[in-house]
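Here's a quick briefing to read alongside the coordinates. Have the viewer open, and we'll go through the chains, their contact and the confidence scores.

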Amino acid sequence: MSADVSDLSLVRRVQRGDKGAFDALVLKYQHKLVKLVMRYVRNPAEAEDIAQEAFIKAYRALPQFRGDSAFYTWLYRIAINSAKNAVVSRDRSPIDYELDRHNPDESYDMQGRMKDSETPEGLVMTDEIRSTVNAAIEALPEDLRTAIVLRELEGLSYEEIAAAMDCPVGTVRSRIFRAREAIDRRLREVFEGGLGRAEELG
Amino acid sequence: MNEELDSQLSAMFDGELPQSECELLARRLSRDEQLKARWGRYAVIGASIRSERGVRLNADLALRVNAVIANEPNIAVRHVERKATRGTARWVRPVAGVGVAAGVAALSILWMRSQALNDEVVTAAVATPAVENTSAESDNSYVVPRPSPRSSRVPATQLANYVVAHSEFSSPVARRNLLSAFMTGETGTTGTSNGSEEGSEDLNDDAKNPAQ
């Protein structure tokens, strides 16, 4: 079994006019897509804009998606093309050219700043989430921790994890679910209580 | 929220839920905001474990995409409309093609008829002044000259003028040969013209000098 089946169920719903199902696809793939686009553009805000454009293009083109390839593969291609187009049009921008020509140091500085132009709030939020998740993973029993790490970090299927952990597939499914629930509970505690609680709870 | 449903959601997120269960859960997921929020947090957890950048809860990106798509026309409707248009186009195109062909044919026939009528009118107009001319020679009236049947042909003298005007682009020998060819051609044309053409020349002469 692969992600294709669950994605395809959502895609078919979108094709039948259910916009909410597309929302679920966006929630699932937004981080992956931004990460992918950031291989082409270093500015996170620009990467988000390109990812947004890619999602909207995908939505509009979804009636033509037949499911011959996985949804993410198809979305991936759209995002890559959008990112390449954005890079080409940015390179043609006369403003960038003027900056490069008149003041090479300034342009170098601009590029440097563009690489890390995430807002302070954004950086705090990302760090807060990451530290909360890491703390929650550390607190997990070892079997749950191994299962979730093998799934999320190594990308193994339930069957592969079952083989690695020498247990039934059903157990793997249960362990991954319980690991997620424990981490999710911690995340909700932190974010419903406001930023800065990660350290208190950790 | 029951645990079995959450467990199914987790398995669906990993693409490990059987298809039949996926269909039902996808339907519920698209409508249940709480379930969708949990689904979104599962994505955040995965991204955090992989140390992906820019991980947020309630990320702007999803909200922005959602806002744009909310204003988009429903793709199911668009799809049906496109299919209907394609279906219509399937029989409209050949019919339209036949219609266009028939229209062109009808126009051609009408045009040819009008041309034939014009020729008759011209012939009549040419014939009539000859009669009027002879009967009313003393009225100082004149007859509009009949259009020459050779009007579309450029006269050799005009071509010769053109060659002389653009002589800077040709060598003197070539120019001379060309000019002599025009003159010969003009003479030849006049010499080989048939009787009807000669007749029309005469008529034109009459038209030029109505007082004679």
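This is a predicted model, and in it 59 residues of chain A are in contact with 53 residues of chain B. On the chain A side, the elements that put in two or more residues are α1 (3–15), α2 (19–37), α3 (44–61), α7 (120–138), α8 (142–152) and α10 (169–193). The biggest giver there is α2(A), with 13 residues. By class, the chain A side that touches chain B splits into 30 nonpolar, 12 polar and 17 charged residues. For the model as a whole, the scores are ipTM 0.82 and pTM 0.61.

**The two chains**

- In chain A, 35% of the 202 residues count as buried; in chain B, 17% of the 212 residues do.
- Take the chain A contacts with a separation of 6 or more: 60% of them are between residues 24 or more positions apart.
- For chain B, among contacts between residues at least 6 apart in sequence, 48% join residues at least 24 apart.

**The nonpolar core**

- The largest nonpolar core holds 66 residues, and the members that touch the most other members are Leu33(A), Val37(A) and Ala51(A).
- α2(A) gives the most to this core, with 11 residues.
- Which residues does Ala51(A) touch, leaving out those up to four places away in sequence? They are Gln30(A), Leu33(A), Val34(A), Val37(A) and Ala79(A), plus Leu61(B) from the other chain.

**α3(A) against α4(B)**

- The axes of α3(A) and helix α4 (residues 60–70) of chain B come within 10 Å and cross at roughly 40°.
- That crossing of α3(A) and α4(B) is right-handed.
- From α3(A), the contact uses Glu48(A), Ala51(A), Gln52(A), Phe55(A), Ile56(A) and Tyr59(A). From α4(B), it uses Leu61(B), Arg64(B), Val65(B), Val68(B) and Ile69(B).
- Sorted by class, the α3(A) with α4(B) contact has eight nonpolar residues, one polar and two charged.

**α2(A) against α4(B)**

- α2(A) also meets α4(B): their axes come within 9 Å and cross at roughly 145°.
- α2(A) goes past α4(B) in a right-handed crossing.
- On the α2(A) side you'll find Lys19(A), Phe22(A), Asp23(A), Val26(A), Leu27(A), Gln30(A) and Val34(A). On the α4(B) side, look for Leu61(B), Ala62(B), Val65(B), Asn66(B), Ile69(B) and Ala70(B).

**A look at Arg77(A)**

- Arg77(A) sits in helix α4 (residues 71–91) of chain A.
- Why does Arg77(A) count as partly exposed? Because it has 13 C-beta neighbours inside 10 Å, and partly exposed covers the range between the exposed limit of 12 or fewer and the buried limit of 20 or more.
- Arg77(A) and Ala58(A) are 19 residues apart along the chain, and their C-alpha atoms are separated by 9.9 Å.

- Chain A has a mean pLDDT of 83, with 79% of its residues at 70 or more.
- Over residues 95–117 of chain A the pLDDT is below 50, and this stretch has 12 contacts in the model beyond near neighbours in sequence.
- Chain B averages a pLDDT of 69, and 45% of its residues score at least 70.
- Which element of chain B has the lowest mean pLDDT, and which the highest? The lowest is helix α8 (residues 195–208) of chain B, at 38, and the highest is helix α1 (residues 3–13) of chain B, at 94.
- Residues 129–138 of chain B have pLDDT below 50, with six contacts in the model beyond near neighbours in sequence.
- pLDDT also stays under 50 over residues 187–212 of chain B, where the model has 14 contacts beyond four places in sequence.
- Where pLDDT is low, the predicted coordinates should not be read in detail.

Key. Residues are numbered from 1 along each chain as its sequence is written. Chains are lettered from A and ligands numbered from 1 in the order in which they are written. This is a predicted model: local features need pLDDT of at least 70, side-chain atom pairs count only at pLDDT 80 or more; totals for chains, interfaces and linings use all residues. Helices (H or I, at least four residues) and strands (E, at least two) are DSSP runs, numbered from the N terminus. Two residues are in contact if their C-beta atoms, placed from the backbone, lie within 7 Å. Ala, Val, Leu, Ile, Met, Phe, Trp, Tyr, Cys and Pro count as nonpolar, Asp, Glu, Lys and Arg as charged, and the others, Gly among them, as polar. A nonpolar core is a set of buried Ala, Val, Leu, Ile, Met, Phe, Trp, Tyr and Cys residues joined through C-beta atoms within 7 Å. Axes are lines fitted to C-alpha atoms, for helices over the stretch in contact, and angles run from 0 to 180 degrees between N-to-C directions. A crossing is left-handed if the near helix is turned anticlockwise from the far one by less than a right angle, and right-handed if clockwise. pLDDT is the predictor's confidence in each residue, from 0 to 100.
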